[in-house]
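Trainee: I'd like to go through the labels on this one and see where each comes from. Please show me the sequence and the model first.

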Amino acid sequence: MNLGSVLSAMPGAAPVPNLASAWRWSPNPMFTFTAALSTDGRHNLQVNVRGRYDEALVAALLAHARAHDDTFVGQGQPLVAVGGFHHDGTEFDTVGVATAEVHGYHANENPELSAVTYAVFPAYASEISGRENEEEAWGRFRKMLQPNKLDRIEVPFVKMRYDNTRTRSMSKGDARGFAPLATLVRELELLDGAPGSFVEWENRHGTVWRVDSTGDTLELTHDATREPVLPGQLHTVARTSVQ
């Protein structure tokens with residue numbers, strides 16, 4: 001397959017200014033797709049955008065991904081964070097990259113193209129661990145991160161489990177599962193006055209925190225240290241822990 005010929009032949013495709021071997025096309029007014037060849041010319045790096053399109057930002061994402069494509073092409077990781085990204089006017093500090101098994105781009109109309117395509121998207125360092133298995137990467141990419149939006153908010157990596165004796169709410173099983181940061185904050189706030197309850201969570205580094213309610217106090221366990229914590233401190237603890 002001549003990848004450059006395939007991409008440049010997409011309906012309505014036009015070259016991307018100031019980015020070599022890259023093309024942009026819109027299958028409909030809602031979506032804009034932009035693709036660039038990898039350094040070896042054998043892989044497609046593609047940004048899919050829904051809604052507002054920013055050509056400069058997309059080109060910067062693709063340029064950064066291409067400059068570091070040796071960190072993900074052929075490495076077998078389903079979801080990768082390429083750090084060191086900066087673009088004026090945005091707070092994104094990372095470029096996210098997902099494999100074909102995760103993104104599904106071109107899977108129906110051109111499986112051969114899909115197999116050599118990496119989804120590229122704007123991201124934050126707090127969002128991706130690089131240790132996600134394929135199932136976890138699929139869930140993060142398709143259900144939580146909104147990778148096709150250039151104005152999306154940060155969605156930190158949070159895996160948690162909890163049990164609240166007062167609200168009777170609890171997670172299922174003993175394993176920590178992905179959750180929005182807002183869920184973590186809410187469950188932490190509900191611990192006060194709920195003896196026997198706990199919230200346990202993990203960040204992208206695999207570091208684990210836990211807060212237990214004894215009825216009289218809340219106790220925070222982190223790095224093998226257990227200490228009292230005030231209810232009003234929990235929001236800050238949660239936010240700081242997932243950076």
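Trainee: Why does Phe33 count as buried?

Mentor: Its relative accessible area is 17%. Buried means under 20%, exposed means over 50%, and partly exposed is what's in between, using a 1.4 Å probe and protein chains only. So 17% puts Phe33 in the buried class. Bear in mind that this is a predicted model, where local features need pLDDT of at least 70, side-chain atom pairs count only at pLDDT 80 or more, and totals for chains, interfaces and linings use all residues. Residues are numbered from 1 along each chain as its sequence is written, and side-chain values use heavy atoms, with hydrogens and water left out.

Trainee: And what makes Phe31 partly exposed?

Mentor: Phe31 has 21% relative accessibility, so it lands in the partly exposed class.

Trainee: How many aromatic pairs does the structure hold, and what makes the one between Phe31 and Phe33 tilted?

Mentor: There are eight aromatic pairs. In the Phe31 and Phe33 pair, the ring centres are 6.2 Å apart, with 55° between the planes. Rings of Phe, Tyr and Trp (its six-membered ring) pair if their centres lie within 6.5 Å; planes under 30 degrees apart are stacked, over 60 edge-to-face, and the rest tilted.

Trainee: Then why is the pair of Phe121 and Phe141 called edge-to-face?

Mentor: Here the centres are 5.5 Å apart and the planes make 70°. That angle is over 60, so edge-to-face it is. This pair links distant parts of the chain: Phe121 sits in strand β7 (residues 117-123), Phe141 in helix α5 (residues 134-144), 20 residues apart. Both Phe121 and Phe141 are buried. Going back to Phe31 and Phe33, they form one aromatic cluster with Trp25.

Trainee: What makes something a helix or a strand here?

Mentor: Both are DSSP runs numbered from the N terminus: H or I over at least four residues for helices, E over at least two for strands. By that count the protein chain has seven helices and 13 strands.

Trainee: How do you know that α6 and α7 are roughly antiparallel?

Mentor: Helix α6 (residues 181-189) and helix α7 (residues 234-241) pack at about 150°, with axes 9 Å apart. The axes are lines fitted to C-alpha atoms, for helices over the stretch in contact, and angles run from 0 to 180 degrees between N-to-C directions. Under 35 degrees is roughly parallel, over 145 roughly antiparallel, 65 to 115 roughly perpendicular, and the rest oblique. About 150° is over 145, therefore α6 and α7 are roughly antiparallel.

Trainee: Which residues make the contact?

Mentor: From α6 they are Leu181, Leu184, Val185 and Leu188, and from α7 Leu234, His235, Ala238 and Arg239. Contact means heavy atoms within 4.5 Å.

Trainee: Back to accessibility. Is Thr34 buried or exposed?

Mentor: Thr34 has a relative accessible area of 1%, so it is buried. Thr34 is in strand β3 (residues 31-37), and among the residues it touches, not counting those up to four places away in sequence, are Val16, Trp23, Leu45 and Tyr53. The C-alpha atoms of Thr34 and Val16 are 8.1 Å apart, though the two are 18 residues apart along the chain.

Trainee: What about Glu127, buried or exposed?

Mentor: Glu127 comes out at 0%, so it counts as buried. Glu127 lies in the loop between β7 and α5.
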